[in-house]
Amino acid sequence: MCKIGILLLDRDFEHDVYELIKAFYPEGDIHSLYEKDEEEYDIFFTVKKENDNFVIKYETKDHKGIASAEVIRGADGDPGENQEAINQENKTEAGAVNLVCGSQKKVLDAHELRKANKDNLKYALYNVLVKLTGRNLPWGNLTGIRPAKLAMGMIESGMKNTEVAQEMRDRYLVSAKKTALAITIANRERAILQDIDYEHGYSLYVGIPFCPSICLYCSFSSYPLKIWQKRVDEYLDALCLEIRETAKMMKNYKLDTIYIGGGTPTTLEPDQLRRLLNQLGESFGFDGLVEFTIEAGRPDSITRQKLEAIREFPVTRISVNPQTMNQETLEIIGRRHTVAQTIEAFKLARELDYNNINMDLIVGLPGEDISKVKHTLEKVKELSPDSLTVHSLAVKRAARLNMFKDRYQEMTFENNQEIMDLTQQTAYSMEMGPYYLYRQKNMKGNFENVGYAKVDKAGIYNILIMEEKQPIIALGAGGSSKLVFDHGKRIERVENVKDVTSYIARIDEMIERKRTGIGTWL
């Protein structure tokens, strides 16, 4: 394992520096330092601000080098940044800078200056890392999770698709293939969301944190149903109270979409599902919804009685998620169901007239090469879902796969562009096109998660949560509400506690957190 030290003598962008280095050295043992120590490192970086430049020094056992990035400062001395395309800098009042790009002059405020400065530093650091490793990353120097949002913002600013593509390739060093994907998705998202009222609308997330078993890669707030079964009704008591009180807070806004996720919502029994859905209907109402999704999720939690209970309500979209159609992998990752159960659950949903079914897959699972991914895709194609979400495995700190990695160190984790291309080609062959995209930290191969859907079958909530166009009010243990305001320029979060016992005991506090946040920012 490569041991890497990063001496941060300037800490303005330490997170971005760390994440970009981590993207090139995903298995590296990386240490952020604020003063020099006596440890020995295979690679040692120093990042500092010196006069009007960011300076990046790097040293390995064989050689050392230096790179720099220009710093722009506003009239008040705050730093900004210049790109190759910027030909002239003129200082103005109030900490803004006039940047002349070709024939167009743009005044950057303090936030834009900071972003531009960050981009410049990452551009220089990326080129250093390419030199050290001899490889490029498919998403260039982008370390954020929303590349399509970046593309959409440029399109909404009036840029043509060709101009956006050039910006993503030149400024962010994104590959041509990923640039095309981001722009395609951004345009489809805009078309899907064209009738959504961002200013007066909102979406609702409801979390059910129980699962039949906990998957090896999972980092969500999930609890095994076998242990928690006797407290599910108690959890619903608290959740229904939060539903009633939150509906009062949001009475002057229009509810556009509802998404019930988890965990696994179909761990609830039929009567518990009816109780939850009845409460949502009584408190929020279902009139005017453009989408209502329930993650049926785990095939071993799906029964005819549960699907019939859901059909009593205006639910428009469900998920039946295999993750893989290889039985050996299912057993390795802790999904206590069979491939046959997945097929049975999907066919049962079709029999009960569910006409918008999503399936989730994960590529990069332990032991799965391209032949096994191909087998999964062939089985999914036979079922013909309406949408398909392809996740690149991302192992977060909380996942058991990371916590007990010594137990799984003999496993191989493979993901590459050939596999990603195969998933895309299969989606296209099922008459699906990409409609949303996001990235996560620690993704195998530095790729992305992509949602594909047939015409009129895209998951609208999925786009809204990624593009951050309107408030997302989250209910239940672990719920994180995003309060989007000031015409989309600002976002504040209101968090519920993750622990189920704490959520139940402190439900009044959770409600007051929302009341304060909504009253302050919306």
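Setting aside neighbours within four places in sequence, Leu193 contacts Tyr198, Ile460, Ile463, Leu464 and Lys469. Contact here means heavy atoms within 4.5 Å. The model is predicted: local features need pLDDT of at least 70, side-chain atom pairs count only at pLDDT 80 or more, and totals for chains, interfaces and linings use all residues. Residues are numbered from 1 along each chain as its sequence is written, and side-chain values use heavy atoms, with hydrogens and water left out.

Leu193 sits in the loop between α5 (176-192) and β10 (201-208). Helices (H or I, at least four residues) and strands (E, at least two) are DSSP runs, numbered from the N terminus. The relative accessibility of Leu193 is 1%, so this residue counts as buried. Buried means under 20% relative accessible area, exposed over 50%, and partly exposed in between (1.4 Å probe, protein chains only). Leu193 and Leu464 are 271 residues apart in sequence, yet their C-alpha atoms are 8.3 Å apart in space.

Asn141 is located between α2 and α3 (147-156). With 2% relative accessibility, Asn141 counts as buried. Beyond neighbours within four places in sequence, the contacts of Asn141 are Leu20, Lys122, Tyr123, Tyr126, Arg171, Tyr172 and Leu173.

Leu20 also belongs to the buried set of helix α1. Eight of the eleven residues of α1 (residues 14-24) are buried, so the helix is largely enclosed by the rest of the structure. Besides Leu20, the set holds Asp16, Val17, Glu19, Ile21, Lys22, Ala23 and Phe24.

The nonpolar cores were examined next. A nonpolar core is a set of buried Ala, Val, Leu, Ile, Met, Phe, Trp, Tyr and Cys residues joined through side-chain atoms within 4.5 Å. The largest core has 96 residues, of which Leu239, Ile260, Leu280 and Tyr503 touch the most other members. Helix α7 (residues 232-249) supplies the largest share of this core, eight residues. Apart from it lies another core, of 28 residues, with Val47, Phe54, Leu125 and Val130 among them. Tyr503 contacts Tyr235, Ala238, Leu239, Glu242, Gly476, Ala477, Asn496, Val497 and Met510, neighbours within four places in sequence aside.

Across the whole structure, twelve aromatic pairs were found. Rings of Phe, Tyr and Trp (its six-membered ring) pair if their centres lie within 6.5 Å; planes under 30 degrees apart count as stacked, over 60 as edge-to-face and the rest as tilted. Tyr235 and Tyr503 make a tilted pair, 5.3 Å centre to centre with 45 degrees between the planes. Tyr235 lies in helix α7 and Tyr503 in helix α16 (residues 500-505), so the pair ties together parts 268 residues apart in sequence. Both tyrosines, Tyr235 and Tyr503, are buried. The ring centres of Tyr435 and Tyr436 are 5.1 Å apart and their planes are at 40 degrees, so this pair is tilted. Tyr435 is buried at 0% relative accessibility. Tyr436 is buried too, with a relative accessible area of 6%. Tyr205, Tyr259 and Tyr461 form one aromatic cluster.

Charged side chains also sit over rings. The criterion is NZ of Lys or CZ of Arg within 6 Å of the ring centre and within 35 degrees of the ring normal. The charged end of Lys36 sits over the ring of Phe44, 4.5 Å from its centre. For Arg311, the charged end sits over the ring of Tyr354, 4.8 Å from its centre.
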